[in-house]
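Here is a briefing on one protein structure. Keep the sequence and the 3D view open as you read.

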Amino acid sequence: MTMSNHGGDCCKSGPGYATPLLAMSGSRENLIYVAAIYTGTGQDKPDYLATVDVDPSSSTYSSVIHRLSMPFLGDELHHSGWNSCSSCHSDPSCERRYLILPSLLSGRIYVVDTKTNPKEPSVHRVVEPAEVLEKTGLAYPHQPHCLASGDLLVSCLGDKDGNAGGSGFLLLDSEFNVKRRWEKEGSSPLFGYDFWYQPRHETMISTSWGAPAAFTKGFDLKDVSDGLYGKHLHVYSWPEGELKQILDLGDNGLLPLEIRFLHDPTKATGFTGCALSSTIVRFFKNEDETWSHEVAISVKPLKVENWILPEMPGLITDFLISLDDRFLYFSNWLHGDIRQYNIEDPKNPVLTGQLHVGGLVQKGSHVFALGEEDETFQFDVPMIKDQRLRGGPQMFQLSLDGKRLYVTNSLFSVWDKQFYPELVEKGSHMLQIDVDTDKGGLSINPNFFVDFGSEPDGPSLAHEMRYPGGDCTSDIWV
């Protein structure tokens with residue numbers, strides 16, 4: 001039996017689960033892999049993949065138990081995905097064995113073996129950026145997703161010079177050899193970032209961060225007005241790769257980053273989180289097979305004192321949807337809060353939980369928010385294990401049963417240094433939030449705190465998280 005065949009699955013099935021609802025009854029997570037970054041911190045160390053023990057019965061609970069250092073410097077590990085997921089569940093020849101780790105800055109794509117020893121994964125192969133560039137012209141690889149065919153699709157954010165006009169999608173075969181670009185000629189996106197495919201509706205939709213030449217230098221509002229950042233969703237035919245429609249989200253959809261369809265593969269709707277405009281935009285298919293969009297949730301900016309601007313956006317940087325499509329969670333990286341919305345009616349999300357776990361306006365900060373009649377206030381943020389929470393909530397991972405939300409706080413090393421210099425100096429941390437899935441609500445687990453500021457090689461920046469058995473942001477059902 002492969003490591004991806006969990007209790008309740010037929011031993012002859014492929015990886016993952018037959019349906020999202022069956023996944024919710026899968027095994028509880030015991031390990032989480034966390035991308036940990038030294039690139040951009042001033043420390044001459046390689047990025048690494050941390051294995052974190054999340055089993056409450058374990059003596060090493062809430063700690064890093066293994067570190068897989070990459071063989072090179074300057075990678076900037078960012079997002080990750082699996083060689084095989086629930087999209088391959090009907091194929092018993094497939095197994096979820098390899099974690100795919102693209103490096104946003106160096107362009108290397110690491111293939112990490114997690115099966116031989118799940119607690120101590122190892123590098124299986126490195127896809128070299130020169131080969132990708134030579135065969136496709138693509139650089140700045142970002143988000144991988146496995147396909148039911150066994151191939152892998154990786155979004156790439158630009159060309160070798162960091163121009164957004166060179167963005168597109170890299171297709172790798174099941175042995176991680178470069179095949180070609182996925183999209184048809186003339187169908188490259190305006191900007192690249194995340195994507196999600198929905199085979200039953202013959203559609204893939206991708207989002208827009210910005211030109212690598214701009215965002216790798218730090219955030220500058222002028223770059224937005226100069227057109228170096230995106231505000232578009234790109235609708236592709238699936239699996240053909242023809243760009244069918246571009247949805248311009250306008251000023252209400254600046255910098256759409258993560259994108260998720262509802263997990264139910266019959267549903268032709270989903271959401272994207274737009275960072276700068278601090279909105280969650282819902283997209284949906286019309287009767288004529290075209291796609292439309294509308295703002296589903298909007299976070300008001302805070303009027304502030306002692307900051308670079310008179311108003312501070314929430315900056316929605318990550319979000320996810322529970323496997324039963326009941327709840328949506330997102331992070332306001334600058335405001336410092338996590339929100340939970342009931343989306344059983346996707347057109348009318350209802351706020352059911354909110355929790356401050358950091359941010360620029362927490363008590364003790366030099367930044368103050370202005371309320372009615374210009375009175376100042378700051379948010380209460382709890383201390384965990386006598387530690388003051390640094391930075392703001394950023395990347396999420398949710399347990400399969402939807403009851404535990406894991407949170408890290410690094411966005412991108414250059415942006416971390418710009419907005420949260422303390423994060424680079426003292427390192428990231430990882431939290432676990434308990435979720436009320438009956439009535440809604442969020443509370444912090446006081447017994448869980450992984451301090452990446454106390455790592456053996458110095459403070460590091462913690463970004464995306466993955467379970468060995470798959471999760472709600474990597475698995476797609478077909």
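**Aromatic rings and the core**

One aromatic cluster is formed by Tyr 193, Trp 209, Phe 215, Phe 219, Tyr 229, Phe 412 and Trp 415. The model is predicted. The points below start with these rings, then turn to the core, the charges and the surface.

**Ring pairs**

- The whole structure holds 27 aromatic pairs.
- Tyr 193 and Trp 209 make an edge-to-face pair, because their planes stand at 80° with the ring centres 5.4 Å apart.
- This pair links distant parts of the chain, 16 residues apart. Tyr 193 is in the loop between strand S11 (178-181) and strand S12 (195-198). Trp 209 is in the loop between strand S13 (203-206) and helix H3 (212-215).
- Are Tyr 193 and Trp 209 buried or exposed? Both are buried.
- Trp 209 also pairs with Phe 215. Here the planes are at 10° and the centres 3.7 Å apart, so the pair is stacked.
- Phe 215 has 0% relative accessibility, so it counts as buried. Trp 209 has a relative accessible area of 4%; under 20% means buried, so Trp 209 is buried too.

**The largest nonpolar core**

- This core has 47 residues.
- Which of them touch the most other members? They are Trp 209, Tyr 229, Leu 334 and Trp 415.
- At least two residues of the core come from each of several elements, including strand S1 (31-37), strand S8 (139-146), H3 and helix H5 (413-419).
- S1 gives the largest share, three residues.

**Charges over rings**

- Arg 108 lies over the face of Phe 72, 4.0 Å from the ring centre.
- Arg 260 has its charged end over the ring of Phe 319, at 5.6 Å from the centre.

**Salt bridges**

- There are 27 salt bridges in the structure.
- Arg 108 and Asp 75 meet through their side chains in one of them, at 2.6 Å from N to O.
- Arg 108 is in the loop between S5 and S6, and Asp 75 is in the loop between strand S3 (63-69) and strand S4 (81-82). The bridge therefore ties together parts 33 residues apart in sequence.
- Arg 108 and Asp 75 are both buried.
- Glu 294 and Arg 282 form another salt bridge, at 3.1 Å from N to O. Glu 294 belongs to strand S19 and Arg 282 to strand S18, 12 residues apart.
- How exposed are these two partners? Glu 294 counts as partly exposed because its relative accessibility is 29%. Arg 282 is buried, with a relative accessible area of 6%.
- Arg 390 and Asp 451 also meet in a salt bridge, at 2.9 Å from N to O. They are 61 residues apart. Arg 390 sits in the loop between strand S27 (376-377) and strand S28 (396-398), and Asp 451 sits in strand S32.
- Arg 390 is buried at a relative accessible area of 5%. Asp 451 has 18% relative accessibility; the cut-off for buried is under 20%, so Asp 451 counts as buried as well.
- Shared partners join Asp 194, Glu 258, Arg 260 and Asp 318 into one salt-bridge network.

**A nonpolar patch on the surface**

- Leu 221, Ile 308 and Leu 309 form a nonpolar patch on the surface. Together they have about 270 Å² of accessible area.
- Where is Leu 309? Leu 309 is in the loop between strand S20 (302-305) and strand S21 (311-312).
- Leu 309 counts as partly exposed, because its relative accessibility is 33%.

How values were computed: Residues numbered from 1 in each chain as written. Predicted model: local features only at pLDDT ≥ 70, side-chain atom pairs only at ≥ 80, totals over all residues. Heavy atoms only, no water. Patch = residues over 30% accessible without salt bridge, like charges linked within 9 Å, V, L, I, M, F, W, Y side chains within 5 Å. Areas by Shrake-Rupley, 256 points an atom, 1.4 Å probe, with all protein chains shown as cover. Salt bridge = Lys/Arg side-chain N within 4 Å of Asp/Glu carboxyl O. Helix = DSSP H or I, 4+ residues; strand = E, 2+ residues; numbered from the N terminus. Buried < 20%, exposed > 50% of the residue type's maximum accessible area, 1.4 Å probe, protein only. Phe/Tyr/Trp six-rings, centres within 6.5 Å; stacked < 30°, edge-to-face > 60°. Lys NZ or Arg CZ within 6 Å of the ring centre and 35° of its normal. Core = buried A, V, L, I, M, F, W, Y, C linked by side-chain atoms within 4.5 Å.
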